[in-house]
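Open the model in your viewer and keep the selection tool ready. We will go from stop to stop, and at each one you select something and look around it.

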Amino acid sequence: MRKNITTLLTLGTASAMPSSLMARQNTSAPEPRKLIIGAPFQILTADFDGTKFSITGNHTASGKAPSWLLYKDPNLLYAVNENADDLGVFTLDSSLSNPTLKSSGNGSSGVVFLEFNADKTRMVGAAYGSGKIDVWDTSAADGSVKLLKTITIEGEPNPAQGAHHPHQALLDPTGRFFVIPNLGGDTVLVLDGKDDKYEITGNATLPTGTGPRHGGFITSGNTHYYTLASELSNELFLFELSYPGDTIAFKQVQVQSTYGADPPANATSAAAGELVVAANQKDVYVSNRISGNETDSIAHFVFKSDPASLDFSETVSTGGLRPRMFSLSTDERQSLAFVANQGGDAGLAAFKRCPDSGTLDPTPVATVPSSALVAPELAATDYMGPQFVQEI
C-alpha cells in the first residue's frame, strides 16, 4: 500500500485518494528537540528526535569552562567561564545550532550559574570562585552585556570552606527576589532586585557544614515553599516562605537525606548536585554524585501539601558518574529528563518521565558515550564530560 500511494502521488492523482490516506501522507515527523550542552572547553548543540541524539554544533575554546549556559530568544546564549572572569555572548544559527562567539564581558571570577530577572533585562551571576554576585544589564538588542554591580558577600564563611561560595541565584515566584545558596557560608541569601536595587536584604542560616548548593520553588495554593539540596551534608530541606517587607523569611518544615531510602556506598565522598522542581509543583528531583556506587543517581521526591512535606519515591541510575546537572524537557507535560554525566559510560542520557506519577523510566531512551563528548585534548583526563544540558 505504501508503494502504491507513492506511485499515485508521483502520477499526480492524489486528489482521488481517500481523505484518511491524505491525512496519513501529510503527517510529517515532529521537529527534533534542540539542546545546548556545556562541557570543559566546549559548548555543543544537539538535536534529539525521540530515539537518538545528534550533535549539530561545537564551539571549542581551550581552557574555558562553560559549566552553565543561559538561553534567550530568539538565538542568544550566555556562557560562564568557571575558570576565569569572562562571560561569553553567543548566537545560534537559524536551526539553533553552531554557537558563535559575538561579544563578551568581564565580571567576577568563577561564575557557575546565571539567571534572568522577570523581563530578562538583567542577569545575575553567582561567582562560586570569588565569593561574589554579579548583576548584568542584558537589555541591548544585540545581546551584549554591561556589568552594573558586583556584590561581595560579607561575614565569616564556614572555617572548613575558608571562603564564601555562592552556587546559584534563582528568581523567586514573585519575580522580585533572587535566592542564593552560599555553599561556603552555610547560608541562603536573599537579593532584592526591586527598582534595580540589587541588595542583599536577608538570609537563612543553616548548620555548619551543610553546604547549600541548589534549590527550587514550589507553590501550593497561596503559599510558596523553597526546597534546597546541600552538597556537604547531602540533605534535602523544605522551607515555607513568607515575605516581610523587602526580604524573604524561611521557616524550616522538613529535612531528610537527598538519598531518601537508598544511602550511598560512600557517604564521605557523596555530594548532592542539581535540584529540579517539575512544572506541576509536585515532583522534585535531586542528583546524587560521587556516591561510591557503580553509577550515580537521581532521587525523586513528591511534595504533599497537608502537612507540607517531601516524600521519597524512587532512585534511578543516571547511567554515568557525577551528574552535575540535569533538566526536564520543555513540553507541557515534561515527558523527558536530560542528564549530563561528567564521567562513566553515558555522558548524555535521556529518560522518559511519567507526567502523572513523576517516575523516571530506569532504561534510558538514548545515550551518548562520554568519550564522544570530551574535548580531544582532555581525553586522557577523568570526568571531563558534560556539565550542563538543557532543551531550548
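## Stop 1: the nonpolar core

Start inside. The largest nonpolar core has 42 residues. Select Tyr 78, Leu 114, Met 123, Tyr 226 and Phe 250, the residues with the most contacts inside this core. Keep in mind that this is a predicted model.

Now keep Tyr 226 and show what lies around it. Leaving out residues up to four places away in sequence, Tyr 226 touches a list that includes Val 179, Val 188, Phe 217, Phe 237, Phe 239 and Leu 241. Phe 250 is also among the residues that Tyr 226 touches. Gly 215 and Gly 216 are on that list too.

## Stop 2: confidence

Color the chain by pLDDT. The average over the chain is 93, and 93% of the residues score at least 70. Then select residues 1-23, where the pLDDT is below 50. Beyond near neighbours in sequence, this stretch has 12 contacts in the model. Where pLDDT is low, the predicted coordinates should not be read in detail.

## Stop 3: His 214

Select His 214. It is found in strand S16, residues 212-220. Is His 214 buried or exposed? Its relative accessibility is 3%, and buried means under 20%, so His 214 counts as buried.

Show the side chains around it. The side chain of His 214 makes a polar contact with the side chain of His 167, at 3.2 Å. Not counting residues up to four places away in sequence, His 214 also touches Trp 68, Phe 113, Thr 227, Leu 228 and Glu 274, among others.

Next, pick two C-alpha atoms, one in His 214 and one in Leu 170. They are 44 residues apart along the chain, and the atoms are separated by 8.8 Å.

## Stop 4: a sheet of four strands

Select strands S8, S9, S10 and S11. These 4 strands form an open sheet in the order S8-S9-S10-S11, with antiparallel pairing. Which strands are at the edges? They are strand S8 (111-116) and strand S11 (146-152), and each pairs on one side only. Direction ignored, neighbouring strands of this sheet are turned by 20 degrees against each other on average.

Zoom in on S9 (residues 122-127) and S10 (residues 132-137). The two pair in the antiparallel sense over 6 bridges. Select Arg 122 to see one of them: its bridge partner in S10 is Asp 137. Strands of a sheet pair through backbone hydrogen bonds, either parallel or antiparallel.

## Stop 5: another sheet

Move on to S24, S25, S26 and S27. These 4 strands form an open sheet in the order S24-S25-S26-S27, and the pairing is antiparallel. Strand S24 (325-328) and S27 are the edge strands, each pairing on one side only. From one strand to the next, the twist averages 10 degrees.

Select S26, residues 346-352. Here 6 of the 7 residues are buried, so the strand is largely enclosed by the rest of the structure.

Look at one partner of S26. Strand S25 (residues 336-340) and S26 pair in the antiparallel sense over 5 bridges. Ala 337 stands opposite Phe 351 in S26. The hairpin of S25 and S26 has 5 residues between the strands. In that hairpin, Gly 344 takes a positive phi near 85 degrees.

Now look at S27 (residues 366-369). S26 and S27 pair in the antiparallel sense over 4 bridges. Ala 346 stands opposite Pro 369 in S27. Leu 348 stands opposite Val 368 in S27.

## Stop 6: Arg 289

Select Arg 289, in strand S21 (residues 283-289). Arg 289 is buried, with a relative accessible area of 7%. Follow its side chain, which reaches the backbone oxygen of Ala 272 at 3.3 Å. Not counting residues up to four places away in sequence, Arg 289 touches several residues, including Arg 213, Glu 231, Tyr 259, Asp 296, Arg 322 and Arg 324.

## Stop 7: Gly 245

End at Gly 245. Where is Gly 245 found? It is in the loop between strand S18 (235-242) and strand S19 (249-257). At 58% relative accessibility, Gly 245 counts as exposed. Not counting residues up to four places away in sequence, it touches Arg 176 and Phe 177.

Gly 245 and Gly 110 are 135 residues apart in sequence, and their C-alpha atoms are 32 Å apart in space.

Technical notes: Residues numbered from 1 in each chain as written. Predicted model: local features only at pLDDT ≥ 70, side-chain atom pairs only at ≥ 80, totals over all residues. Heavy atoms only, no water. Buried < 20%, exposed > 50% of the residue type's maximum accessible area, 1.4 Å probe, protein only. Contact = heavy atoms within 4.5 Å. Polar contact = N/O pair within 3.5 Å; in protein donor to acceptor, adjacent residues only side chain to side chain. Pairing = 2+ DSSP bridges. Axes fitted to C-alpha atoms, helices over the stretch in contact; angles between N-to-C directions. pLDDT = per-residue confidence, 0-100. Core = buried A, V, L, I, M, F, W, Y, C linked by side-chain atoms within 4.5 Å.
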